[in-house]
Amino acid sequence: MRITSTSCICPVLVCLCFVQRCYGAAHHGSIKVTRNQTKHAEGETEVHHRPKRGWVWNQFFVLEEHMGPDPQYVGKLHSNSDKGDGSVKYILTGEGAGTIFIIDDTTGDIHSTKSLDREQKTHYVLHAQAIDRRTNKPLEPESEFIIKVQDINDNAPKFTDGPYIVTVPEMSEMGTSVLQVTATDADDPTYGNSARVVYSILQGQPYFSVDPKTGVIRTALHNMDREAREHYSVVIQAKDMAGQVGGLSGSTTVNITLTDVNDNPPRFPQKHYQLYVPESAQVGSAVGKIKANDADTGSNADMKYTIINGDGSGVFSISTDKETREGILSLKKPLNYEKKKSYTLNIEGANTHLDFRFSHLGPFKDVTMLKIIVGDVDEPPLFTMPSYVMEVYENAKIGTTVGTVTAQDPDTANSLVRYFIDHNTEEDRYFTIDASTGTIKTAKIFDREETPWYNITVAASEIDNPGLVSHVPVGVRILDINDNPPELAREYDVVVCENAKPGQVIQTITATDKDNSANGARFHFSLDEGLSLNPNFTLRDNEDNTASILTRRRRYSRTTQDIYYLPVLISDGGVPPLSSSSTLTIRVCACERDGRVRTCHAEAFLSSAGLSTGALIAILLCVVILLAIVVLFITLRRSKKEPLIISEEDVRENVVTYDDEGGGEEDTEAFDITALRNPSAAEELKYRRDVRPEVKPVPRHHPSSSLDSIDVQEFIKQRLAEADLDPSVPPYDSLQTYAYEGHRSEAGSISSLDSATTHSDQDYNYLGDWGPEFKKLAELYGEIESERTT
């Protein structure tokens, strides 16, 4: 059977009505199930056993923010299977079922128990089902429906980004956009005018305006000047319900700051300035400041100062301080009150960053006049020269005048000047100065070869004001005199070959002079005329400050004479001339045909080889020591005797050396300890076999009883006495070592040296009486005793 249903919504009651075609007024407002029926001839109907769902709906509506005391009615559910007898039970599940929404399980009425907020949740999805109350079986399949929350105007517009801070350039055109503000409304924009917002300005007129629809803020005046007013506070309101009465509103504040543009030229506060500068001001120092005011800020107020004309443009300079925007006036040349007492400067201050949009407000520069007054101060004396250079001979006597310095007071008073030398260094102590005249004199004797130049400092001060002092450097050059004779430039090692020919040059010599070239540039060489003519060698002056030594005869013999001495006289060309005599040592050597030296005298040869006398002595001493060692070694080998033959019976020297590790106490093969335990084994006197005794040995006889009773200590004493009284002792020391360990222990020996070959009948049961420390030992010896018994 086909099911037909309709639904309608009433905005006032906000409820859902379910309407279906029906056959009578009694069924109005409900949905019934029309079952599939077959009409028979008799007029009866047959009911099919499979029923169809006969109730459907779309959605319910509930008003938000309900504040009534009773639950809010939402709607009603009804099934065609419900005959009104209470047999049908309605069940509601889903979002908010049982907590927010409740249903009467008999009538199907749905109510909301809580106040709902559409801005938190716009709708709820639920499920409804009709079941048989008796059997709990569903009469209809479960169906889904939605309950929507109906919006009301309960949220005011909000500016989420406010308050705002924004800037706009000053002098902007009217209508310049400043900022766009936006307000949001949480209400439903699709229902009514609850979320329809309009903007208006509450504060900030007539300077700014706002577009009511877009919220764009614009300037409302021409040429707003930052220098007149810089900050503005504008309040913007947003109202919903399209601005109608009863709508909700919100506001925000917009702080607007006008930014600067270069629309103000610099201006000097005064057209004439006057500056006092003392004449003692140092060159390069700042002597004054000047500033032009500019109402702009930042780079728009940057300016540059220049001196455009005036008689002081060459004496003063000006620069700009970028931090303070001041003109710094500096001194280029020194001032002199006595020569010029004032200067005039024209100074210009101009902006460096121009905005041509405002050029009509210019010019953006200003000029002022500055008059500089030079002040007279008491200045220190002024020397006539910035520095002095003087000369004096090195042989000058103490008190010799070197030169004179002069200083004057530059002031009009022209005070008297006093001179003195700053004795800060040792050089200053070589001179004195006259305090009144400034005459410098020598105080010590000079040696040009030691110090050719002196630098001193002379100071001058006014007698009336000693605190004003000026200084001047004075350099004194020491002039040379011929006071040093010439001498050979170095020590020459002159060699003449035995096969030399007459007139052969064997050496060229040069000379040196400590004096300067004026007194020693030309040297003269000659042989000493006071001596007889030298038959072996002669000297030739080459007239170029060198001389040549020549042979005068043929062949020289080392065996006849190996060394010759040649005195040489050297004189300079100074005034007066000075001379000195030096002696050349000429050695005779054997040479090859090409002139190479082959050998000379032993002393000379070794000297030429670079060996000193000390080195020769050390070498000879080493050779002697080596020879002595060799001789001693050979002598010892020849005197070496045959090795001692040690008898196996000799107990005293029974020392056996072996490299194997011992086997402990059981190893009795290496050393026979019986000799120390039984002295009778070595009762016979034994003599050394490496020497022949001079006295015939006397046999000693000991009774057997005494040998048995003697102990090791007595045995050692006997051996010691025999060693002391032995007449056959060799003439060198003989060391015999004996060790005595003492008397036998009362407990007996526990050594196993004898256990390897003999069996002991000793009873070890007493070890058990010694305590727990010897328990293990008693057990071991007890087991050994039992094994022996077995």
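The structure is a predicted model. The protein chain holds seven helices and 43 strands. Of its 790 residues, 32% count as buried. A search of the whole structure finds 17 salt bridges.

**Chain as a whole**

- The protein chain exposes about 49,600 Å², and carbon and sulfur atoms supply 52% of that area.
- Among contacts in the protein chain with a separation of 6 or more, 65% are between residues 24 or more positions apart.

**The largest nonpolar core**

- In soluble globular proteins, nonpolar side chains tend to be buried together.
- The largest nonpolar core here has 24 residues, and those with the most contacts inside it are Phe383, Val405, Phe431, Ile440, Val458 and Val474.
- At least two residues of this core come from each of the strands β27 (388-393), β30 (417-421), β31 (431-433), β33 (453-462) and β34 (469-479).
- Leaving aside residues up to four places away in sequence, Val474 touches Tyr388, Met390, Val405, Ile440, Tyr454, Asn455, Ile456 and Val458.

**Salt bridges**

- Glu391 and Arg477 meet through their side chains in a salt bridge, at 2.5 Å from N to O.
- Because Glu391 lies in strand β27 and Arg477 in strand β34, this pair ties together parts that are 86 residues apart in sequence.
- Glu391 counts as partly exposed, with 41% relative accessibility, and Arg477 also counts as partly exposed, with 32%.
- Arg448 forms a salt bridge with Asp480, in which the closest N and O atoms are 3.0 Å apart.
- Arg448 lies in the loop between β32 (439-442) and β33, and Asp480 in the loop between β34 and β35 (487-488), so the pair ties together parts that are 32 residues apart in sequence.
- Both Arg448 and Asp480 are buried.
- Arg357 forms a salt bridge with Asp355, with the closest N and O atoms 2.9 Å apart.
- Arg357 counts as exposed, because its relative accessibility of 58% is over the 50% cut-off.
- A network of salt bridges links Arg226, Glu227, Glu230 and Asp260.

**Asn534, a buried loop residue**

- Asn534 is placed in the loop between β38 (523-527) and β39 (537-541).
- Its relative accessible area is 17%, which is under the 20% cut-off, so Asn534 is buried.
- A polar atom of the Asn534 side chain lies 2.9 Å from the backbone nitrogen of Asn536.
- Asn534 also touches Arg552, Tyr565 and Leu566, when residues up to four places away in sequence are not counted.

**Ile625 and a nonpolar surface patch**

- Leu621, Ile625, Leu626 and Ile629 form a nonpolar patch on the surface, and together they have about 400 Å² of accessible area.
- Ile625, one of the patch residues, is placed in helix α3 (residues 613-638).

How values were computed: Residues numbered from 1 in each chain as written. Predicted model: local features only at pLDDT ≥ 70, side-chain atom pairs only at ≥ 80, totals over all residues. Heavy atoms only, no water. Helix = DSSP H or I, 4+ residues; strand = E, 2+ residues; numbered from the N terminus. Buried < 20%, exposed > 50% of the residue type's maximum accessible area, 1.4 Å probe, protein only. Polar contact = N/O pair within 3.5 Å; in protein donor to acceptor, adjacent residues only side chain to side chain. Contact = heavy atoms within 4.5 Å. Patch = residues over 30% accessible without salt bridge, like charges linked within 9 Å, V, L, I, M, F, W, Y side chains within 5 Å. Areas by Shrake-Rupley, 256 points an atom, 1.4 Å probe, with all protein chains shown as cover. Salt bridge = Lys/Arg side-chain N within 4 Å of Asp/Glu carboxyl O. Core = buried A, V, L, I, M, F, W, Y, C linked by side-chain atoms within 4.5 Å.
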